[in-house]
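Here is a quick walk through one chain and a few of its local details. Have the structure open as you read.

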Amino acid sequence: MKTLRFLTVTACMAALVVVTSCSSMKGLGRKGTVIPKSEQSASRTVKRNSAAPVAAEVKADGKPDLTDSIQRLTFLQEVNDNAQHARFITSKIKFTVEVGAQQMTLTGNLKMKRDDVIRLQLMAFGFVEAGRLEFTPDYVLIIDRINKQYLKVPYAHLDFLRNSHIDFYVIQALFWNELFQPGKAHLADSNMKSYKTELGADDDVVIAMEDGKLSYRWLTEQSSKLVEMANIMYNDRFRGNYQLNWDYEDFQRINSKHFPMLHKVGLITPQKEIKFEMMLSKIDHEDNWETRTMLSGKYRQVEVDEILRRFMAL
């Protein structure tokens with residue numbers, strides 16, 4: 001039973017890696033409401049000179065006027081500055097995956113080193129590692145320790161990842177609760193002219209960016225300037241629509257920044273709907289761990305198609 005549960009979770013994790021590369025969303029909203037894209041902001045760009053922005057007047061309610069290019073840029077900079085600056089983040093996690101009527105829960109560990117690796121370890125019986133998912137700048141590694149199998153996929157060898165501009169740094173931004181720009185390792189102030197902002201319900205602000213067939217949305221608050229939701233949209237009339245939604249909740253202060261302790265991920269494909277939930281606890285900054293997993297010759301490498309077949313059979 002434990003093996004079946006783990007294989008189901010492993011297959012779903014692998015599917016998330018594969019399908020996220022062509023994800024889509026029809027809109028971004030809070031609690032099911034859709035926030036339409038503003039046509040008025042579609043042609044607006046942010047211009048920034050080398051000098052510090054001149055302070056602009058705010059609206060009567062004390063909130064920035066996001067139709068003003070200077071205030072919009074300042075708002076985006078403040079959102080970006082809310083990102084964690086810690087080199088390492090480690091945490092215990094409770095990992096839940098739901099596929100249709102099936103729901104499985106495992107415990108594990110999350111270990112992240114900025115610009116180097118993201119590792120999820122899933123535990124059986126609470127203390128034996130049953131599987132591992134590892135992202136590095138060069139490849140994705142999925143390990144099934146129960147059946148001594150693994151999948152190691154270089155990003156550059158997968159057309160769907162390369163064409164959709166999903167790389168390690170996009171995945172890192174999703175895990176670290178940050179803004180990102182595909183193709184950029186880090187988001188600089190000079191990149192922010194690509195983003196548009198639109199007011200949503202209540203205190204919400206939608207940050208938007210278009211990249212060919214892909215659309216990116218982040219839901220933030222004017223007051224806290226925290227990223228509360230990330231969204232990637234891709235529409236394909238031949239292969240069907242895909243959607244990815246990453247929700248952040250239960251923000252707690254870590255050092256001088258806030259970090260979400262609850263991550264809710266929704267993924268819809270033409271064939272399946274998957275829901276993930278990661279609940280973090282006991283956040284630390286442990287740095288005495290090996291950042292690359294080495295496997296013995298006892299492990300057999302499997303192909304992406306084999307993982308996908310297992311996923312589709314769930």
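## A helix and its cap

First, a term: a polar contact is a pair of N or O atoms within 3.5 Å, and within protein one atom must be able to donate a hydrogen and the other to accept it. With that in hand, look at the start of helix 2, where Asp68 caps the N-terminal end. One of its side-chain oxygens sits 3.1 Å from the backbone nitrogen of Ile70. Keep in mind that this is a predicted model.

Helix 2 itself runs over residues 69-81, 13 residues in total. From first C-alpha to last it reaches 18 Å, close to the 18 Å expected at 1.5 Å a residue. Its buried residues are Gln71, Arg72, Leu73, Phe75, Leu76, Gln77, Val79 and Asn80. What lies over them? The cover includes strand 7, strand 8 (204-211), strand 9 (214-221) and strand 10.

## The chain as a whole

Stepping back, the protein chain has five helices and 14 strands. It counts 314 residues, 53% of them buried. Among contacts with a separation of 6 or more, 56% are between residues 24 or more positions apart. The chain exposes about 15,200 Å², and carbon and sulfur atoms supply 50% of that.

## Salt bridges

How many salt bridges turn up in a search of the whole structure? There are eight. Are the two partners buried or exposed? Lys225 counts as buried because its relative accessible area is 16%, under the 20% cut-off. Glu78, at 35%, is partly exposed.

Arg132 forms a salt bridge with Glu129, the closest N and O atoms being 2.8 Å apart. Both are buried, with Arg132 at 12% relative accessibility and Glu129 at 18%. Glu129 also meets Arg145 in a salt bridge, at 2.6 Å from N to O. Through shared partners, Glu129, Arg132 and Arg145 end up in one network.

## Two positive phi angles

Which residues other than glycine have a positive phi? Asn177 is one of them, with a phi of about 65°. Asn177 sits in the loop between helix 4 (168-176) and strand 7 (196-199), and its 7% relative accessibility makes it buried.

Lys282 is another, with phi near 55°. Lys282 is in strand 13 (residues 273-284), and with a relative accessible area of 69% it counts as exposed.

## Out on the surface

Phe125, Phe127 and Val128 make a nonpolar surface patch of about 350 Å². Phe125 comes from the loop between strand 3 (117-124) and strand 4 (128-135). Phe125 is exposed, at 57% relative accessible area.

Last stop: Arg239, in the loop between strand 10 (227-234) and strand 11 (242-254). Arg239 is partly exposed, at 43% relative accessibility. Arg239 and Thr269 are 30 residues apart in sequence, with 9.6 Å from C-alpha to C-alpha.

Technical notes: Residues numbered from 1 in each chain as written. Predicted model: local features only at pLDDT ≥ 70, side-chain atom pairs only at ≥ 80, totals over all residues. Heavy atoms only, no water. Helix = DSSP H or I, 4+ residues; strand = E, 2+ residues; numbered from the N terminus. Buried < 20%, exposed > 50% of the residue type's maximum accessible area, 1.4 Å probe, protein only. Patch = residues over 30% accessible without salt bridge, like charges linked within 9 Å, V, L, I, M, F, W, Y side chains within 5 Å. Areas by Shrake-Rupley, 256 points an atom, 1.4 Å probe, with all protein chains shown as cover. Salt bridge = Lys/Arg side-chain N within 4 Å of Asp/Glu carboxyl O. Expected span 1.5 Å × (residues − 1). Contact = heavy atoms within 4.5 Å.
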